[in-house]
Amino acid sequence: MIFWADKTAEKIIRREKKLYRTECGLGASGIPHVGSVGDGIRAYAVTLALEDRGVPSEFVAFSDDRDGLRKVPRGFPAFLEEHIGRPVSTIPDPFECHTSYGEHMSSLLLDALDKVGVRFVFQSGTMAYEDGTLDDVVVEALNNWKEAGQIIFEMTGQKKYLEQLPFNVICSECGKIYTTRAYEWIPEKKKILYVCDQEFKGADSKTGKELTVSGCGHRGEASIRDGKLTWKVEFAARWKALDISFEAFGKDILDSVRVNDHIAKEIFHIRHPVHAFYELFIERGGGRISKSKGNVFTPQVWLSYGSPESLRLLMLKRLGTTRVVDVEEIPKFMNEVDSLKKIFFGKEKITNEREEQHVRRLYEYVTFLHPPDHMGLLINYYTLVQLARMLPKTVENRFALFKDILMRSGLIDEEFSDEELCQKIEYATNWVEEAEEAEEEEVSLSEPERSALRRLAEKLPEYTDGEQIQELIFLTAQEHQVKPGRFFQVLYRVVIGTDRGPRAGTLISGVGPQRVSEMIMKAI
RNA sequence: GGGCCUGUAGCUCAGUCUGGCAGAGCAUCGGCCUUUUAAGCCGAGGGUCGCGGGUUCAAUUCCCGUCGGGCCCGCCA
């Protein structure tokens with residue numbers, strides 16, 4: 001097997017379990033970035049690979065909703081400032097539609113996973129602590145906290161946990177989790193002594209100002225359910241408690257994972273899960289999105305311009321290399337899905353047999369191992385973008401026009417459903433309206449060109465036939481001593497904003513001569 | 001201070017794991033609808049695979065070094 005998820009599954013399956021669980025952590029402290037669904041999609045791919053081998057598997061989405069809020073996200077209400085340092089599951093939902101801030105955020109991610117077609121079992125971190133799921137592993141960690149602290153120190157040089165328990169208590173007075181220091185573990189009572197005397201630096205991303213959050217000074221005694229393990233041991237703890245066989249992770253938490261792998265072995269006496277390491281995504285420009293609207297690049301944004309398949313492709317294709325990802329990449333991935341599909345259905349050949357196998361398997365995973373029976377619609381995304389550019393949403397019979405132009409130009413002749421086409425048109429339309437960089441190049445017109453355009457605009461409404469319109473354009477150009485080539489270029493620029501396009505007559509008769517006439521008049 | 005990714009055609013990148021004539025898309029150029037710009041088709045040009053060494057019959061691929069681009073960790077979660 002040559003696909004990474006299959007290789008990973010082969011490794012995992014040697015562990016001989018009844019049920020193989022894959023896992024990913026879900027951040028719940030901010031609006032999820034498109035990269036955040038990657039963990040889930042990758043873990044789910046491994047679950048599919050395991051099931052494909054006939055063993056049961058499930059994917060657990062573990063929400064880190066007991067993590068504290070460290071900064072107020074851009075555009076969020078100011079009252080959140082006073083909640084900095086508290087677990088996100090105890091902070092009110094600023095949108096008032098969920099029971100907490102944390103629940104709101106993780107619901108966004110779960111919604112995205114759902115839309116992408118990932119099946120998962122949800123586990124709230126807060127619940128896992130509160131209902132005792134993690135009791136045993138917390139006790140085990142705390143009983144060995146000195147040793148754990150030593151491991152952390154040796155691996156990272158961090159001295160903090162030589163002196164304090166790897167456990168963040170939620171202060172019973174002020175409710176903050178990042179300002180406490182747990183200094184004593186009383187095994188026989190299963191109690192933790194702590195003091196709320198720490199400082200940490202949060203931030204308000206709106207103002208950019210740094211906020212120092214201080215503890216309230218409270219001293220208290222906490223139970224093992226009144227806080228959470230620190231990340232450096234928590235992963236290992238939940239791997240054990242939930243019996244996790246696989247977890248992917250990004251470069252940002254590489255250190256934590258290394259430590260946890262070690263902790264898993266030394267403290268919890270389990271084999272750490274099989275991992276898949278991936279590089280992070282970086283954003284280049286972000287297009288218009290972030291600039292004008294202050295939007296972050298969420299999975300939902302991706303899914304408004306691209307299909308679930310395209311997003312899966314992004315996440316599954318390659319793990320190990322840094323990728324630039326922004327909205328401009330979406331059309332490329334849409335087209336790549338089509339090209340994988342072509343190869344899968346044998347419409348296009350790859351000479352390298354190995355590569356062909358890889359591509360076919362990749363396509364299967366892009367469909368989450370449910371490839372369609374028929375190839376269906378293949379259409380270049382940019383083609384739809386161009387069409388969408390000249391057929392605004394308000395045009396009557398928009399879908400019929402799209403279809404007609406595409407059919408007539410022979411771009412779609414395979415079997416496909418209207419639904420399929422409609423969906424792709426919608427993606428491209430959203431793309432044109434929101435994501436495309438408007439390249440408003442001024443058309444500099446010479447006098448003859450201007451008068452030729454005016455003349456054309458006057459005559460156009462009298463015509464309906466594409467061929468005759470084509471003829472009209474040509475004659476108009478000649479009458480005004482404009483080179484036809486130049487005139488067509490000008491015309492395309494005025495009508496659809498590019499230098500070239502489909503046969504002009506067909507195009508104009510499709511869009512409607514009256515409409516085009518108005519567009520020309522407006523432009524000159 | 002520690003670590004990761006990356007450098008291949010004008011541009012964006014495959015290919016490197018598993019060594020075997022250097023690839024795609026876009027762009028460029030030429031040709032093709034009886035006069036025109038054809039979201040199409042056919043064809044062409046274009047690369048010292050960052051640089052220097054090593055291993056090998058053979059290196060873009062493996063090893064060592066080096067230079068450039070970028071990122072993560074070094075608070076915490």
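Which helix gives the largest share of the surface near RNA strand B? In this predicted model, local features require pLDDT of at least 70 and side-chain atom pairs pLDDT 80 or more, while totals for chains, interfaces and linings use all residues. Residues are numbered from 1 along each chain as written, chains are lettered from A and ligands numbered from 1 in the order written, and side-chain values use heavy atoms, without hydrogens and water.

The largest share, five residues, comes from helix 20; helices (H or I, at least four residues) and strands (E, at least two) are DSSP runs numbered from the N terminus. RNA strand B is surrounded by 40 residues, a residue being near if one of its heavy atoms lies within 4 Å. Sugar and phosphate make up 53% of the RNA strand B atoms that come within 4 Å of the protein. For Gln489, the distance from a polar side-chain atom to a base oxygen of RNA strand B is 3.3 Å.

An open sheet is formed by five strands in the order 4-2-1-12-13, with parallel pairing (pairing requires at least two DSSP bridges between two strands). Strand 4 (121-124) and strand 13 (274-278) each have a single partner strand, so one side of each lacks a neighbour in the sheet. Strand 12 (residues 244-250) pairs with strand 13 over five bridges in the parallel sense, and Phe246 stands opposite Val274 in strand 13.

Note on methods. Polar contact = N/O pair within 3.5 Å; in protein donor to acceptor, adjacent residues only side chain to side chain.
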